[in-house]
Amino acid sequence: MYICAQGWTRGMKAVSKVVDEFFEKIIDEHVQDARKQQEHHKDFIDVLLSLMDAQQEAAEQLSRSNIKAIMLDMLVGAMDTSATAVEWALAELYRNPRVMKRVQQELETVVGLDRLVEESDLVKLEYLEMVVKETMRLHPVAPLLVPHESMEDIKINGYDIPKKSRVIVNIWAIGRDPRVWSHNADEFYPERFEGVDIDVRGHDFRLIPFGSGRRGCRGMQLGLTMIRLILAQLVHCFEWKLPNGMSPHDLDMGEKFGLSVPMANHLIAIPNYRLVS
């Protein structure tokens with residue numbers, strides 16, 4: 001047991017060193033770009049570096065270690081949640097072959113069958129965007145937003161909420177409420193977003209998988225990009241089938257509730273490459 005613990009510790013130290021060197025390389029590249037171009041901030045790391053430079057005389061200065069810790073938080077937070085969202089999306093596409101076919105047709109039209117989907121293609125994939133929104137409506141990765149606190153006494157729908165009350169928003173329930181959506185609120189139907197200006201970035205309170213305002217998820221853009229790109233590549237590159245002749249309607253869509261809501265039983269599928277070699 002002691003030997004196993006030693007090996008685990010050495011392995012973690014090795015991984016930590018690799019991650020640290022990777023983050024250092026990213027920060028150095030941003031520093032060099034800033035010196036060469038002298039332009040407005042391009043991304044989150046540029047902003048953090050500018051804050052570090054501006055705080056050189058401050059007692060509690062933002063350091064490179066602080067920046068690397070923030071980068072790690074964002075990446076780790078985006079990995080597990082993004083993987084869960086992609087798994088739910090694929091499961092719903094299996095259960096709805098009509099939707100899967102329409103996504104593939106859009107990808108064939110926009111991208112073709114002779115190359116992979118690239119990040120620059122995402123803005124043109126309107127139906128894929130609807131699929132992602134519908135997945136986040138029915139299957140929000142985090143069913144309860146981070147706690148908020150009321151800043152004043154207020155009455156909402158006949159309920160008195162005193163100042164300083166802890167408020168937790170149940171977005172899982174909002175996403176399935178027929179009074180908010182329609183009679184088919186429990187149905188996976190991406191077309192409900194067609195021609196409707198509903199976004200996931202916190203401006204429309206019907207759909208706030210990343211929260212809203214100052215307490216919203218800081219990794220929202222990274223997470224959205226990862227989910228759309230990974231889902232697009234999986235659907236574009238492969239035809240998928242369920243094992244052992246399983247019917248799509250036999251898929252277990254049970255949820256495992258916690259801080260996040262993954263599938264109770266992970267999705268298992270067999271890929272078949274479909275692009276032109």
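1. Domain bounds here come from an automatic or database domain assignment. On that basis the protein chain is divided into domain 1 (1–62) and domain 2 (78–273), and the C-alpha centres of domain 1 and domain 2 lie 31 Å apart.

2. The model is a predicted one, in which local features need pLDDT of at least 70 and side-chain atom pairs count only at pLDDT 80 or more, whereas totals for chains, interfaces and linings use all residues. Residues are numbered from 1 along each chain as its sequence is written, and side-chain values use heavy atoms, with hydrogens and water left out.

3. Helices (H or I, at least four residues) and strands (E, at least two) are DSSP runs numbered from the N terminus; axes are lines fitted to C-alpha atoms, for helices over the stretch in contact, with angles from 0 to 180 degrees between N-to-C directions. Helix H4 (residues 97–110) packs against helix H5 (residues 126–138) at an angle of about 140°, their axes being 8 Å apart. The contact (heavy atoms within 4.5 Å) involves Arg98, Val99, Arg102, Val103 and Glu106 on the H4 side, and Glu126, Tyr127, Leu128 and Val131 on the H5 side.

4. With a disulfide taken as a pair of cysteine sulfur atoms within 2.5 Å, the count comes to 0 disulfides. Relative accessible area is classed as buried under 20%, exposed over 50% and partly exposed in between (1.4 Å probe, protein chains only). Cysteine 217 is partly exposed at 39%, whereas cysteine 237 is buried at 7%.

5. Rings of Phe, Tyr and Trp (its six-membered ring) pair if their centres lie within 6.5 Å, and planes under 30 degrees apart count as stacked, over 60 as edge-to-face and the rest as tilted. The count comes to 5 aromatic pairs. One of them joins tryptophan 172 and phenylalanine 257, whose ring centres are 5.7 Å apart with planes at 70°, so the pair is edge-to-face. Because tryptophan 172 lies in helix H6 (residues 171–175) and phenylalanine 257 in the loop between strand S5 (238–241) and strand S6 (270–273), the pair ties together parts that are 85 residues apart in sequence. Tryptophan 172 is partly exposed at 24% relative accessibility, while phenylalanine 257 is exposed at 52%.

6. Phenylalanine 238 and tryptophan 240 also form an edge-to-face pair, at 5.5 Å centre to centre and 65° between the planes. Phenylalanine 238 is partly exposed at 24%, as is tryptophan 240 at 22%. Phe238, Trp240 and Tyr273 form one aromatic cluster.
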